[in-house]
Structure formats: C-alpha cells, structure tokens
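Me: Can you walk me through this structure? Keep it short, please.

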Amino acid sequence: MSLKQFVEDCKVELQNNNIVVQLENVQRLFYGPDQTYCSGYFLDSPPTFAVATGRPFKDWAEVFVHEYCHFEQWKEKIPMWMDCLFEDGTEPLDRVLEHFMGKRDLDQDTVVEYCALQANLEKDCEMR
C-alpha cells in the first residue's frame, strides 16, 4: 500500500469514527488550547483531526501519520491517553505552557510530572 492510499484509508476511518477531519492548505495551524501554531493536532473534544497540508506531500504526510497515531491512542482509550486528559479539556503540556506564560501556577514537581506524562504519550505515539 502506498502512503497516499494509507492517508485516504485513514481519512475514511476517521470520518467513520465521527472525527472532524480538517486538512487545510496552509503552512501551519493555529492550535487554540495553548494559543500556538503547529503542523497538526488531534483533539478528543470535540473530536478533531487537523493537518496543515500547504507543503509538499512528503513533508506533511509524516505529521498526518503522527496525529493518526494519537487518534488510535484515543480510540483504544489507552491508560496513557486517559492520564493526559484533564476535566477542563487541557493536557499536561497545555498546563505547562500556561504556567510559563504566567496563566497557571504550578510547582516544579508538577511541571516535571506533566512533562513526563506528555513525553511518554508522545513516545507511545512515535512507536506506533
């Protein structure tokens, strides 16, 4: 199977799981929770899969696969994914970034804990 076919198959699966798929012909996307820009993201609420496709296919396909793996983590409800969801919709990294922007007060141990949670989630994603 080609990578292009993989992308098409993934889009169908995402839509079959009621995920909003946003493939935008831009260089980068605005990511609302921490008010930054990124190449792609997967949000569980509302379920959204987004990738900036305004670059050559080979450049954004990697991001597509990475975010698709986050979708798989969510779909499987792996404990690591569940540990990274807070009731207010934020993730550990969101909270750390808010801390460094002066919007949230966290002690050093909590910052380290949240970074470790996020790093482990990303490691699992990359291994997939």
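Reply: Here is a quick look at one helix and then the cores. Keep in mind that the model is predicted.

Me: How many residues does H5 have, and how far does it reach?

Reply: Helix H5 covers residues 108-127 and has 20 residues. From its first C-alpha to its last it reaches 28 Å. That is close to the 28 Å expected at 1.5 Å a residue.

Me: Which residues of H5 are buried?

Reply: Thr-110, Val-111, Tyr-114, Gln-118, Leu-121 and Cys-125. They cover an arc of only 105 degrees around the axis, so they sit on the same side of H5.

Me: Why would residues spaced along a helix point the same way?

Reply: An α-helix has 3.6 residues a turn, so residues three or four places apart point the same way.

Me: OK. What covers the buried residues of H5?

Reply: The cover includes helix H2 (57-76), helix H3 (79-83) and helix H4 (92-100).

Me: And which exposed residues are on the face turned away?

Reply: Gln-108, Asp-109, Lys-123, Glu-126 and Met-127.

Me: What caps the N-terminal end of H5?

Reply: Asp-107 does. One of its side-chain oxygens lies 3.1 Å from the backbone nitrogen of Asp-109.

Me: New topic. Which residues touch the most other members in the largest nonpolar core?

Reply: Ile-19, Phe-42, Phe-49, Phe-64 and Phe-71, out of 17 residues in that core. Helix H1 (3-16), strand S5 (47-52) and H2 each give two or more residues to this core. H2 gives the most, with six residues.

Me: What does Phe-42 touch?

Reply: Among its contacts are Ile-19, Phe-49, Phe-71, Trp-74 and Trp-81. That list leaves out residues up to four places away in sequence.

Methods
Residues numbered from 1 in each chain as written. Predicted model: local features only at pLDDT ≥ 70, side-chain atom pairs only at ≥ 80, totals over all residues. Heavy atoms only, no water. Helix = DSSP H or I, 4+ residues; strand = E, 2+ residues; numbered from the N terminus. Expected span 1.5 Å × (residues − 1). Buried < 20%, exposed > 50% of the residue type's maximum accessible area, 1.4 Å probe, protein only. Arc of directions from axis to C-beta. Contact = heavy atoms within 4.5 Å. Polar contact = N/O pair within 3.5 Å; in protein donor to acceptor, adjacent residues only side chain to side chain. Core = buried A, V, L, I, M, F, W, Y, C linked by side-chain atoms within 4.5 Å.
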